[in-house]
Amino acid sequence: MPANSKFEKTATGAAWWQTGVIYQIYPRSFQDTDGDGIGDLNGIATRLSHLVELGVDAIWLSPIFASSMADFGYDVADHCAIDPIFGTMDDFGRLLAKAHGAGLRLILDFVPNHTSDQHPWFLESRSSRSSPKRDWYIWRDPRPDGAPPNNWTSEFGGSAWSFDEATGQYYYHAYLSAQPDLNWRHPEVRTAMLNVLRFWFSRGVDGFRVDAIHHLLEDRQFRDNPVNPDWRKGMSPARRLIRLHTMDQPEVHDAIAAMRQVADEFGDRLMIGEAYLPIDRLMAYYGVDLTGFHLPFNFHLISTAWNPEAIAHLIRDYEAALPPGGWPNWVLGNHDRSRVASRLGPEQARIAAMLLLTLRGTPTIYQGEEIGMQDVPIAPEQVQDPWERNVPGLGLGRDPVRTPMPWSADMDGGFTTGKPWLPIDMSATAPVWRQRTDPASSLSLYQRLLRLRRAEPALSRGSYVEVWHDHSVLVYERQYDGRRLQIALNMSAVIQALPPGLPASRTLLSSAVIDAGDRAASDSDRLLQPHEGRIGEIGT
Ligand code: GLC
């Protein structure tokens with residue numbers, strides 16, 4: 001626990017990451033301070049007040065380490081150095097101290113599956129077949145005809161094998177050829193990577209989001225992946241195969257337990273895992289007796305159809321599948337997926353915010369969600385994402401969801417004095433400064449929701465009780481210590497009436513009505529305006 005009394009005071013018996021709300025920062029696009037058009041650590045430090053006003057508890061930074069930037073930081077060239085684009089180790093120390101001083105925990109991104117091809121480990125590994133680090137990566141001989149060792153494909157298009165002329169072998173990469181996969185079966189790799197965690201934990205970092213964990217290990221026998229009969233034109237080429245032998249291998253859980261043990265050496269630290277998996281397979285990532293991740297990211301709100309039946313089923317299935325004591329979590333978006341306001345439209349994005357912040361479990365907000373940011377169209381000549389470059393035109397590129405934050409009405413939104421690395425949308429989304437004073441804004445809704453969540457243990461810690469849904473409305477309760485909160489979400493564009501059998505409630509917060517604090521329980525409380533979400537207390 002960082003030496004900071006702010007954290008001690010809020011202790012309630014639950015861990016900080018159980019009652020807390022996490023906010024993901026994509027550092028390249030948060031705030032620039034040196035005019036190069038790319039966000040930096042000093043920029044994050046200058047904008048912490050936004051996060052404190054918003055009311056979140058922890059920030060997770062996408063990678064800030066020395067990188068060749070082939071995949072914008074997810075290709076680490078030195079795990080224990082800050083990339084000069086983002087600043088220096090001193091800048092990092094100041095940011096960490098400032099965040100802790102403001103009551104915000106700081107979570108970093110750990111990328112264990114692969115490194116940059118410019119990492120000294122890989123340079124050494126590829127230098128010769130007899131290099132002491134040769135087996136730190138995954139090298140295989142060509143097939144007799146010179147072809148790659150098997151049919152495995154890269155997530156970003158093409159074969160997952162690249163040929164190294166000098167040493168006559170192929171190396172494996174689940175992503176870009178500039179991101180060679182580490183060999184986690186090698187004990188020295190494990191030790192070296194676990195020491196990376198120790199390096200940052202001992203500097204006071206509060207946790208890690210662990211990248212692409214389901215890719216960590218591959219089949220020992222290098223068997224071909226089977227063909228996916230459900231693949232259709234327009235889908236990612238990587239989906240042509242079922243990733244049976246390249247993803248979610250049983251041995252991954254040993255490696256996760258080892259990471260978790262390191263976190264536990266430091267006490268009170270958080271480990272989150274990134275794995276896009278069906279609910280039943282995801283649960284294994286909590287580990288045997290909860291010795292794995294505290295929070296295996298639950299991305300299912302991103303992919304589930306947006307209607308009350310589907311969402312109610314998702315919540316039920318997820319809650320039912322959790323291992324005993326396993327803590328839930330929910331996510332609406334991140335730097336890899338289309339933004340929620342674009343997927344659902346601005347009105348339903350408000351309902352999504354209410355859902356995210358009233359479900360049981362730790363919510364993660366992706367930067368810009370709080371102001372209703374939308375995907376920004378990227379012209380071909382503006383493309384930055386290597387995935388879009390490799391596999392153009394299928395809408396796989398992630399630039400639209402990574403555009404910089406519009407803070408003010410200044411040119412380029414107050415994000416930079418230079419040329420922003422991706423275009424800034426100044427039309428679809430009102431900038432932060434304008435939303436701050438508009439009680440009807442998305443930002444104001446997020447602030448009210450986060451304030452209520454902090455004030456109501458029923459929301460942060462209470463049980464989830466499924467109540468009722470039809471084709472348009474979803475109703476559930478959160479209960480804690482005798483207190484009952486009813487959440488009613490109108491997922492349609494027309495007025496809806498709640499059924500007479502539901503208990504009456506007094507409105508505490510409405511996404512449609514700004515000042516609803518003392519609205520008495522009456523017939524009008526049984527009506528939900530189009531796209532209205534309401535949180536009410538049920539009298540005892
Ligand atoms: C994760 C990251 C993504 C990155 C990939 C490879 O899925 O979220 O941005 O490209 O891993 O590291």
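How much area do domain 1 and domain 3 bury between them, and what share of it is on carbon and sulfur atoms? The answer is about 2100 Å², with 66% on carbon and sulfur atoms. The model shown in these views is predicted.

**View 1. Domain 1 and domain 3 in contact.** The domain assignment of the chain gives domain 1 as 3-115 + 187-449, domain 2 as 120-172 and domain 3 as 464-538. Between domain 1 and domain 3, the C-alpha centres are 30 Å apart.

**View 2. Polar links between domain 1 and domain 3.** Nine residue pairs are in polar contact between these domains, counting pairs with both residues at pLDDT 80 or more. The count of salt bridges between the two domains is one. Glu466 and Arg316 form a salt bridge, in which the closest N and O atoms are 2.7 Å apart. On the side of domain 1 that touches domain 3, two or more residues each come from α11 (308-321), α13 and α16.

**View 3. The antiparallel sheet of five strands.** This open sheet has the strand order β14-β15-β16-β20-β18, and its pairing is antiparallel. Strands β14 (463-469) and β18 (505-510) are at the edges with a single partner strand each, so one side of each has no neighbour in the sheet. From one strand to the next, the twist averages 25°. Within the sheet, β16 (residues 483-490) and β20 (residues 533-538) run antiparallel and are joined by six bridges. Gln486 is placed opposite Gly536 of β20.

**View 4. Helices α13 and α16 across strands of the five-stranded sheet.** Helix α13 (residues 346-358) lies across β15 (473-480), β16, β18 and β20. Its direction is at about 155° to β16. Helix α16 (residues 442-455) lies across β18 and β20, and runs at about 130° to β18. Both α13 and α16 are among the elements that give two or more residues to the side of domain 1 that touches domain 3.

**View 5. The parallel sheet of eight strands.** The strand order in this open sheet is β11-β10-β9-β5-β2-β1-β13-β12, with parallel pairing. The edge strands are β11 (295-296) and β12 (329-331); each has a single partner strand, so one side of each is left without a neighbour in the sheet. Strands β9 (residues 207-210) and β10 (residues 270-273) run parallel, and four bridges join them. Phe208 stands opposite Met271, a residue of β10.

**View 6. The salt bridge between Glu53 and Arg436.** The closest N and O atoms of this pair are 3.2 Å apart. A search of the whole structure finds 29 salt bridges.

How values were computed
Residues numbered from 1 in each chain as written. Predicted model: local features only at pLDDT ≥ 70, side-chain atom pairs only at ≥ 80, totals over all residues. Heavy atoms only, no water. Pairing = 2+ DSSP bridges. Axes fitted to C-alpha atoms, helices over the stretch in contact; angles between N-to-C directions. Contact = heavy atoms within 4.5 Å. Domains from an automatic or database assignment. Buried area = accessible area lost by both parts, 1.4 Å probe. Salt bridge = Lys/Arg side-chain N within 4 Å of Asp/Glu carboxyl O. Polar contact = N/O pair within 3.5 Å; in protein donor to acceptor, adjacent residues only side chain to side chain.
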